[in-house]
Amino acid sequence: MEYAISVRHAAKTIYPSTLKMNGSNPQGDRISFTNYYMEWNGKPFIAICGEYHYARYDEHAWDLEIGKMKMSGINVVATYIFWNHHEETEGKFNWSGNRDLRKFVDLCAARGLHVILRVGPFCHGEVRNGGLPDWLFGQTFEVRSNDEGYLTYVRRLYEEIGQQVEGMMFKDGGPVIGIQLENELNAASAPWEMTTKQGDEYLGGGASGEEGILHMRHLKTMAQEAGLVTPIYTSTGWDNAPLLEDEVLPLYGGYAYTPWSVTPEQPDQQPTGEYVFQDFHNDDAGKNRFRPAYSRERYPFACCEMGGGMQTWYLARFKVEPESVSAMTMMKLAGGCNFIGYYMFHGGTNPMGETGYLNENTTPRFSYDFQAPIGEFGQIRQSNDLLRPLHYFLQSFGERLAPLATVLPDHALDIRPETDDVLRYALRSDGDRGFLFVNNYQDHVEMMRHENVQFAIETVPGNIVFPRRQPLTIEPGASLMLPFRFDLGGSVLIAATCQPVTEVKSGEADTYFFRTPGGQAAELLLDTTTVSGLKVENGRSEQDGDGVTVVTTNPGTSALIEFTGIDGRIIRLYVMTEREAAGMWQSELDGERRIFFSDAACVVNEEGVSFISAGQSEFACRVYNAPGQPVLHLAPKSGEAAVELAMQGWFSEYRFKLPACTVEAELERLQEHKVALRFPSGLPQEPYDVLLHIDYTGNVGYAFSGGKLLHDHFYNGNPWELGLSHIHKSVRDNTIVLQTTPLRKGKVDIAKDAAMAVSRHYEGEAVALIHGVSIEPIYRLECSAATS
């Protein structure tokens, strides 16, 4: 089926923003805004924000995990500062250990990452009281109000934060470019945990209307007086939250899974509207369902809470599909979002408080994994593999994308979330060039497969119809971004059925990397007049009579394409399979962009490359050698590691071998629902970490040692994962007791003849069973990096 659309009249009116948000640092860099996008030194800049909570992670692992975020394509780290993590007892602040905010921000700076501090005072984040200390309950004032009693405490908090990050603001040459004030003011709340089981008492949702605007004014003024002075101030914008117009950038988001909509009476979530294309930056109400209180075209549409996953809640045990995360990113980009942000990008573990647990009662005591792209114990998830190519695209080609207008087909807003048989697509274009976005993912809906798909795009220079040879198949769950009139160093890629990922500019050539959807062949239409000396490996080329050269890759293999451009420069195209793209890692090293391919996670720093391999003591890494670029040489720093090197075409292939680690452990079944996991030789000191995979069926899983709860997990059908390095200091007698409570399907009745204590009778199925525990070693190899 052919899908036709015109972009001839696509145009975006872009002008300097009315937002009073800009600033420079001593290095001469400048941040500013247009009405459509953020600028870095006067050029479009797409922020790729990832949420990571320092207080929910071991400080000794922060640097590596921040490194993983950077390698995942994140360029801005956002983090909540939970008040009750730092002042659990009134007047007693704790900024040490895992709560050392300054150290965390320093490490972000060392990795070259920007930082946005979400300073509260109310945060939520599934933290006890939304982050407010218990001692605020029962005071003479209302929290989240303009009462001077409350504001006095907030002022003291902000002053403490200001002291911790003194000298780290962007204006001082530091990494902190933004401050988020409050969170979901007048839009969301949290239970007061000391009363919720008795009275289900919620703290206030905050001031609204003019009082809400005044409250945000107080917060911004107090933040600035405390030294928290940044080019960017933000606040959450959904549900028409109070907004300081022209002073604060409103941020939005979206989740595939919404546990707050699940109740005992309504146990099944309905499909969300997040996966239906719309134009967020268009004042024509017929182009979107986005209804802010201000003109949509006045500010950039920006996000801070695109669901990187979702935390399991007691009543909502979701299994988040990895495709939901990458599809969400595609939807926001297609709709004109030039500032993306994930909540969460990195999972974590709630710390134990001085007076009790610090979780919100709807969630586990400790686990805050969030099924995030980087898990609670540093696991690289499949969602991460899908996101990295998108993030690398934004890093390399964000300047091209940012000014382009959103173009929707006529029927776009007629599509309902439940619609499963209509192909969903949209474009971003300036009338000449652009990108076609296709989405076939919808949460809570089984989407249909679309075969024989072809697109006809009417542009100012003429019509583009593609693919020409083999129509596309759009599988359920797929989301694609396809280029048209894409510049290749002066040569023209008229259209392609593969997604641009990144580029490497070296002394002798420009190399462009593309990702092919599924196991399909990719088709690339090249302007014959801009290409000479074409060579194709793992594919074929044909010239059509209209001046178009058609390159078709072999399905299921990566293709190497090389030609000479119009200025005599070598142009290379590496068209990857989806599987190969999932192992791609990009970084800058000694001023050169480097591309790695490995199933092990790669983290690059000034000292070299760290590889983190889950379960495999032997693994490979391929390094791309661009023409004219110094060849990169990797050498293990450990004498126990063996390495073999082979040159394969455009790549150097390293095969590393570490001593295999066998963890000695014994599993004793105490009851069907309870086992003891013992380490007779002591907790393993090698390898880098050990990940337990606990296969069980039950309601809630618990891990104890010496009678102390160390970790917990709400059963959702996935194995429960537990990193030993995160709990080893608390393990007693080298023994961990694992148990689960029953998962029940049925009903509970209260005995009418109960004399005193209530007697409950359960009728139905109840399962509480630990099936087994598997142990996965996590290996870490440090390599030096040199060039020749």
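Analyst: Let us begin with a term: helices (H or I, at least four residues) and strands (E, at least two) are DSSP runs, numbered from the N terminus. In this structure, H3 is followed by Gly 112, whose phi is positive, near 75°. The model is a predicted one, in which local features need pLDDT of at least 70 and side-chain atom pairs count only at pLDDT 80 or more, while totals for chains, interfaces and linings use all residues. Residues are numbered from 1 along each chain as its sequence is written, and side-chain values use heavy atoms, with hydrogens and water left out.

User: Which residues of helix H3 are buried?

Analyst: Buried means under 20% relative accessible area, exposed over 50%, and partly exposed in between (1.4 Å probe, protein chains only). An α-helix has 3.6 residues a turn, so residues three or four places apart point the same way. In helix H3 (residues 101–110), the buried residues are Leu 101, Phe 104, Val 105, Leu 107 and Cys 108. They lie on the same side of H3, because they cover an arc of only 155° around the axis (the arc is that of the directions from the helix axis to the C-beta atoms).

User: What do the buried residues of H3 pack against?

Analyst: Contact means heavy atoms within 4.5 Å. The partners are helix H1 (62–71), helix H4 (148–164) and the strands E7 (76–80), E8 (114–118) and E9 (176–180).

User: Is His 391 buried or exposed?

Analyst: His 391, which belongs to helix H8 (residues 382–401), counts as buried because its relative accessibility is 0%. Leaving aside residues up to four places away in sequence, its contacts include Ile 48, Ser 72 and Tyr 342.

User: How many salt bridges does a search of the whole structure find?

Analyst: A salt bridge is a side-chain nitrogen of Lys or Arg within 4 Å of a carboxyl oxygen of Asp or Glu. The search of the whole structure finds 42. One of them joins the side chains of Asp 510 and Arg 569 (2.9 Å, N to O). Asp 510 lies in strand E25 (residues 509–515) and Arg 569 in the loop between strand E30 (559–564) and strand E31 (570–576), so the pair ties together parts that are 59 residues apart in sequence.

User: Which of the accessibility classes applies to Asp 510, and which to Arg 569?

Analyst: Asp 510 is buried, since its relative accessible area is 5%, whereas Arg 569 is partly exposed at 24%.
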